Structure formats: C-alpha cells, structure tokens
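Thanks for coming, everyone. Let me put the structure up, and then we will go through the cavities, the core and the loops.

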Amino acid sequence: MTAGGFDSATRISVGQALTAEDIAAAGLHADEDVARYATRLGDDALILSQRLSWWISRAPELEEDIALGNIALDLLGHARSLLTYAGTAGGKTEDDLAYFRDEDDFTCVHLVQLDPGDFGHTIARQLVYSLYAYELYTALSHSDDPTLAAIAQKAVKEVEYHVDHAWQWAMRLGDGTEESHRRMQAGLDQVWPFVDELFEDDDLTDRLKGVAVQPSSLRPAFDDAIRRVLAESTLELPSVPQARTGGRRGEHRESLGFVLAEMQSLARMHPGASW
Amino acid sequence: MTDTTPAAPSPQQGDAPQELWPLWEVFVRASRGLSHVHAGSLHAPDATMAVRNARDLYTRRNEGVSVWVVPADAITTSDPDAKGAFFESPKGKTYRHATYYTKSEGVKHL
C-alpha cells in the first residue's frame with residue numbers, strides 16, 4: 001500500500017509505476033539497435049491505441065466504451081514508454097517520434113493498421129494482439145536491457161487484463177447467438193492473414209539476442225492459447241492464406257496513412273501545442 | 001430530411017433489436033479490513049462481465065482491492081414514502097444511546 005493509503009472508494013491515490021516521464025528523466029541512452037527494437041514495439045502499441053480509440057462514443061454500451069478506452073490508454077502508455085526510450089538514442093522525444101515521423105519510418109505490423117470493422121472484428125484483433133503481447137512482455141521482462149525489462153514488467157499486468165477482456169467477449173460472441181457467432185468468426189477470418197507477421201524474426205532480433213525477444217519463440221504459447229479460447233468459444237481456427245508482410249521494414253497498408261493523418265495533423269499544424 | 005440521408009456509421013448495423021443489459025449494483029472495498037461500500041451501478045450482460053465493467057468504471061484510480069456486483073433487482077429496498085414510519089421513530093429516543101445513562105458511582109473503565 002502507498003504511503004497514506006486510501007480510505008474511501010473515491011479517494012485518488014496514484015500507484016507506484018514506471019512512467020514515460022521517469023524514463024525521460026533517467027538520462028538513459030539506448031543504442032541504435034535497441035532503439036529500433038523499442039520503436040517497433042512502441043509503434044504497434046501506438047497505432048493499435050489509435051485504432052481502438054475510434055470506438056469511444058461508438059461502442060455498443062457505455063460500459064464497453066469505457067473498457068475499450070481504458071485498454072487504448074494502457075496501450076498508449078506502453079507506446080509512450082517505449083518511444084521515449086527509443087528517442088534517447090537520437091535525442092528525440094516521444095512526441096517527435098509519434099508526430100513527426102512519416103509513414104515509411106513507422107515499423108508497426110499490419111495487424112494494428114487494419115481499418116476498424118465491427119465489434120467482432122475488434123475483439124478478434126484484440127484477442128490476437130493481446131495474446132501475442134502477453135507472451136512478448138512476459139519474455140521481455142527478462143531482457144538483458146533493464147529499461148526494456150522494466151517497461152515489459154509493467155505492461156504485462158495490463159495486457160493480462162486485455163487478454164481477459166477479449167477472451168470473455170470471444171466466448172460470449174462465439175457461443176452466443178447465430179448472428180454474434182457469424183460476426184465473431186468473420187472478424188477472426190479477417191484478422192488471421194496478419195498473424196504470421198507478428199512472429200517473424202529478422203536481422204535486428206537476431207542481433208539483439210538476450211535483449212530482444214525472438215518473435216518466433218512466442219508462437220507455440222500463442223497457438224496453445226488461441227486454440228483454447230477458440231474451443232471454448234465454439235469458433236474455428238481460420239484456414240486463410242497469410243498476407244504479404246513488411247510492416248517492420250516500413251512497407252505498410254494504405255490504411256496507415258489515414259491513421260497517421262488523423263493522429264499527426266494537430267501536432268503538425270501547431271508544433272509544440274499543449275493543453 | 002428525406003430518407004436518402006445516409007445513416008450515421010454504426011457498429012450496430014443489422015436489424016436485431018438491441019436489448020438493454022441488466023442493471024448491477026457495485027460495491028468496492030477500498031482496502032483490507034474495511035467493508036465493501038456501494039460505489040454505483042452499471043449495465044452488463046452477465047455477472048462475470050459486470051465485475052469487469054465495475055473494475056473499469058469504479059477502480060481505475062486505484063480505489064479498490066475487491067469488487068462485488070449484485071443484480072439490482074435482487075436488492076429489496078425500504079420504501080422512500082414510508083420514511084417517517086421507518087426512520088423517524090428513533091428520534092427523541094435518546095435512551096437508545098449509551099451516553100444517555102449516567103455512570104454509576106465506582107464503575108471504572110466504562
């Protein structure tokens with residue numbers, strides 16, 4: 001318990017946790033490769049956060065609106081920490097990286113870029129991403145890089161809840177009405193072509209052995225978990241061809257341009273604006 | 001407006017009627033040793049989701065260590081119109097408080 005504690009349901013007390021500000025103030029200096037790796041993970045979290053926040057005011061119920069908003073904010077927190085750390089390599093801030101990089105400098109996977117579909121599509125994407133991120137941050141908690149390890153240790157607790165949220169909804173939609181089952185399965189079929197990219201190793205992850213997580217090493221645990229949730233939800237593992245990858249090399253889908261335009265326009269029109 | 005106006009984009013396309021989720025009352029325990037206190041209410045499709053929604057709505061600023069949810073229609077309440085009969089009666093009955101009585105001589109530690 002924090003000093004002073006809390007004695008009512010409305011008293012606000014901020015728990016001790018690593019923040020982007022802590023990382024910025026620590027005087028760290030990430031090396032180039034570590035920064036590139038942190039940028040990848042940060043870009044995934046940032047773009048997915050932006051995609052999820054589309055639901056705010058559009059979710060089926062107010063309560064779900066807030067749940068998705070909370071998850072989007074958690075992801076934004078991961079992105080802020082990771083991009084702040086990545087920025088220490090070249091004297092840049094999290095905002096420099098989020099708002100003033102162009103499309104081909106982003107290195108997020110295609111899964112997080114996909115246009116928002118219906119609620120089934122969103123739950124399918126959240127399920128896939130959260131199960132992947134849970135394994136990723138669990139492994140990254142043991143990274144030789146202490147900052148990445150600390151970011152991962154904080155993130156994994158939040159992502160555990162994101163897994164639970166998506167899992168609960170997959171079960172209810174998959175094993176719900178005929179219409180909800182149809183939409184949940186359709187959402188899964190739509191996001192599935194973008195699963196393999198999450199688990200692709202490349203030169204960078206090879207070079208960063210011990211610091212970065214080899215994405216391919218996460219696949220067996222992901223497959224186990226996804227099989228369990230699909231079985232519980234009466235859903236089927238999609239058998240669809242995999243899409244072309246390339247997000248990590250800056251080769252993106254058309255949709256990323258629209259996400260960035262919306263996300264970056266204010267900061268670019270009014271550089272340094274604050275509120 | 002004519003009916004050619006495009007409909008607002010909605011994730012709820014389709015003509016299935018949208019049923020309202022049932023109402024749940026939420027009780028949050030702020031820390032060990034304290035009792036659960038009513039924090040508010042929310043809608044959720046079932047009890048499991050109600051606990052999760054309660055976590056998102058009522059504990060996002062670190063307010064709790066435990067959450068209870070109760071179906072609102074499972075709670076029987078006192079009748080607000082019977083306030084007089086229910087709650088006025090103790091007034092003036094000061095002898096129901098220990099402080100009403102004078103301590104007998106020689107009694108210690110009361």
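Which element gives the largest share of the lining of the largest cavity? Helix 2 of chain A does, with three residues.

Before the details, some ground rules. This is a predicted model, where local features need pLDDT of at least 70, side-chain atom pairs count only at pLDDT 80 or more, and totals for chains, interfaces and linings use all residues. Residues are numbered from 1 along each chain as its sequence is written, chains are lettered from A and ligands numbered from 1 in the order in which they are written, and side-chain values use heavy atoms, leaving out hydrogens and water.

Fold first. Chain A has 10 helices and zero strands. The C-alpha trace spans about 55 × 50 × 40 Å along its principal axes.

Of the 275 residues, 55% count as buried. Buried means under 20% relative accessible area, exposed over 50%, partly exposed in between, with a 1.4 Å probe and protein chains only. Now contacts, meaning heavy atoms within 4.5 Å. Among those between residues at least 6 apart in sequence, 79% join residues at least 24 apart.

Back to the cavities. The structure holds three of 30 Å³ or more. On a 1 Å grid over the protein atoms alone, a cavity is a set of points where a 1.4 Å probe fits but cannot get out; lining residues have an atom within 4 Å of a point. Points are joined across faces, edges and corners, and a volume is the space filled by probe spheres set on them.

The largest cavity holds about 80 Å³. Its lining has 14 residues, and the closest to the centre are A:Tyr37, A:Leu41, A:Tyr132, A:Pro215 and A:Arg248. Helix 2 (32-53) and helix 5 (119-140) are the elements giving two or more residues. By class, the lining has eight nonpolar, two polar and four charged residues.

The second largest cavity holds about 40 Å³. Helix 2 and helix 5 each supply at least two of its lining residues as well. Among the residues there are A:Trp55, A:Arg51 and A:Arg125.

A:Tyr37 and A:Tyr132 come up again in the core. Along with A:Tyr129 and A:Tyr137, they touch the most other members of the largest nonpolar core, which has 91 residues. Such a core is a set of buried Ala, Val, Leu, Ile, Met, Phe, Trp, Tyr and Cys residues joined through side-chain atoms within 4.5 Å. Beyond four places in sequence, A:Tyr37 has contacts including A:Leu136, A:Leu204 and A:Val213.

Last, two loop residues. A:Ser57 sits between helix 2 and helix 3 (62-87). Its phi is near 80 degrees, positive in a residue other than glycine. A:Ser57 is exposed, at 63% relative accessibility. A:Thr234 lies between helix 9 (219-232) and helix 10 (254-269). Its phi is also positive, about 55 degrees. A:Thr234 is partly exposed, at 42%.

Note on methods: On a 1 Å grid over the protein atoms alone, a cavity is a set of points where a 1.4 Å probe fits but cannot get out, and a pocket is an open set with protein on both sides within 12 Å along at least five of seven lines; lining residues have an atom within 4 Å of a point. Helices (H or I, at least four residues) and strands (E, at least two) are DSSP runs, numbered from the N terminus. Ala, Val, Leu, Ile, Met, Phe, Trp, Tyr, Cys and Pro count as nonpolar, Asp, Glu, Lys and Arg as charged, and the others, Gly among them, as polar.
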